[in-house]
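Please examine the sequence and the model shown below before reading on. The paragraphs that follow lead through the ring pairs, the sheet and its helices, the backbone, and a pocket.

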Amino acid sequence: PAPGAGQRLHHHRIPAELPYRLNRLRLGEGDRKRQGGHSLGAQRADVVAFYHDNPAWVADKAADLDAFLGGGGGLIFLHWSMNAYRDVDALKQRLGRSWGAGAKFRYGPEELTFTPHALTAGFPNPAKFTDEAYWNLPGSDEGSTVLATSLEEGKPTPQVWLKEQGKGRVFVCIPGHFTWTFDDPLYRVL
């Protein structure tokens, strides 16, 4: 539901030094040179972003993701794109976690607490959004770097994380259900 009685959208000001720091982060050599014969249709792309529903996911597509990551590519999974209607295990192996049996969600105010990392330095703690949180997702944080958590059912739960796979990297960001989240300058930087 849209924010209403008692809810308000939170928009963040970007600290003046943040764009400078982001410009100084360097991409690895693998991000500049794309190789491989995968069928993602992105042989020359450095990054492929997925957003929204993922009804076509089947385990057979995992080989395409692996080939892209093996060539040093980056994958971005925003919000519901981490949903696997079937073959949850194959997707969660690549993302660390994915939507599946037992997963929970809620809409409303969400406070993200950022962990210390080069990508989150200078972000406000906590950062408040009005969006949708997921938790109790099948998978684990093993091999992942959790960048932000929210408190769900009294426990910190990952909402944003990175996972390196071979030469490539996967970035997962659960917030992004509502279009107004994309209007928030902090979310855009993230």
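To how many aromatic pairs does the count come? The model is a predicted one, in which local features need pLDDT of at least 70 and side-chain atom pairs count only at pLDDT 80 or more, while totals for chains, interfaces and linings use all residues. Residues are numbered from 1 along each chain as its sequence is written, and side-chain values use heavy atoms, with hydrogens and water left out.

The count comes to 10 aromatic pairs. Rings of Phe, Tyr and Trp (for Trp, the six-membered ring) pair if their centres lie within 6.5 Å; planes under 30 degrees apart count as stacked, over 60 as edge-to-face and the rest as tilted. One of the pairs is formed by Tyr51 and Phe182: the ring centres are 5.4 Å apart and the planes stand at 90°, so this pair is edge-to-face. Because Tyr51 lies in strand β1 and Phe182 in helix α5 (residues 179-183), the pair ties together parts that are 131 residues apart in sequence. Here helices (H or I, at least four residues) and strands (E, at least two) are DSSP runs, numbered from the N terminus. Tyr51 has a relative accessible area of 38% and is therefore partly exposed; Phe182, at 25%, also counts as partly exposed. On this scale, buried means under 20% relative accessible area, exposed over 50%, and partly exposed in between (1.4 Å probe, protein chains only).

The rings of Tyr107 and Phe178 form a tilted pair, because their centres are 5.9 Å apart and their planes meet at 55°. This pair links distant parts of the chain, with Tyr107 in strand β3 and Phe178 in the loop between β7 and α5, 71 residues apart. Tyr107 is partly exposed, with a relative accessible area of 37%, whereas Phe178 is buried at 11%. Both residues belong to a cluster in which ring pairs link Trp99, Phe105, Tyr107, Tyr134, Phe178 and Trp180.

Attention now turns to the sheet. Seven strands form an open sheet in the order β1-β2-β7-β6-β5-β3-β4, with mixed pairing. β1 (47-51) and β4 (127-135) stand at the edges with a single partner strand each, so one side of each is left without a neighbour in the sheet. Neighbouring strands are turned by 30° against each other on average, direction ignored. Two strands pair if DSSP finds at least two bridges between them. Strands β3 (residues 104-114) and β5 (residues 144-152) pair in the antiparallel sense over two bridges: in β5, Ala148 is the bridge partner of Phe114, and Thr149 that of Thr113. Nine bridges join β3 to β4, and these strands run antiparallel. Gly108 stands opposite Asp131 in β4.

Helix α3 (residues 62-70) lies across β1, β2 (74-78), β6 (155-165) and β7 (168-173), and runs at about 130° to β2. Helix α4 (residues 88-95) lies across β2, β5, β6 and β7, at about 80° to β6. Contact here means heavy atoms within 4.5 Å. Axes are lines fitted to C-alpha atoms, for helices over the stretch in contact, and angles run from 0 to 180 degrees between N-to-C directions.

Most residues other than glycine have a negative phi, and most peptide bonds are trans. Asn125 and Pro126, however, are joined by a cis peptide bond with omega of about -5°, and Pro126 lies in the loop between β3 and β4. Asp87, although not a glycine, has a positive phi of about 55°; Asp87 is placed in the loop between β2 and α4 and counts as partly exposed at 34% relative accessibility. Glu153, likewise not a glycine, has a positive phi of about 50°. Glu153 is found in the loop between β5 and β6 and is exposed, with a relative accessible area of 56%.

Which residues are the closest to the centre of the second largest pocket? This pocket has a volume of about 190 Å³, and of the 13 residues that line it, the closest to its centre are Phe50, Asn54, Trp57, Lys61 and Leu65. β1 and α3 each supply at least two residues of the lining. A pocket, on a 1 Å grid over the protein atoms alone, is an open set of points where a 1.4 Å probe fits, with protein on both sides within 12 Å along at least five of seven lines; lining residues have an atom within 4 Å of a point. Grid points are joined across faces, edges and corners, and a volume is the space filled by probe spheres set on the points.
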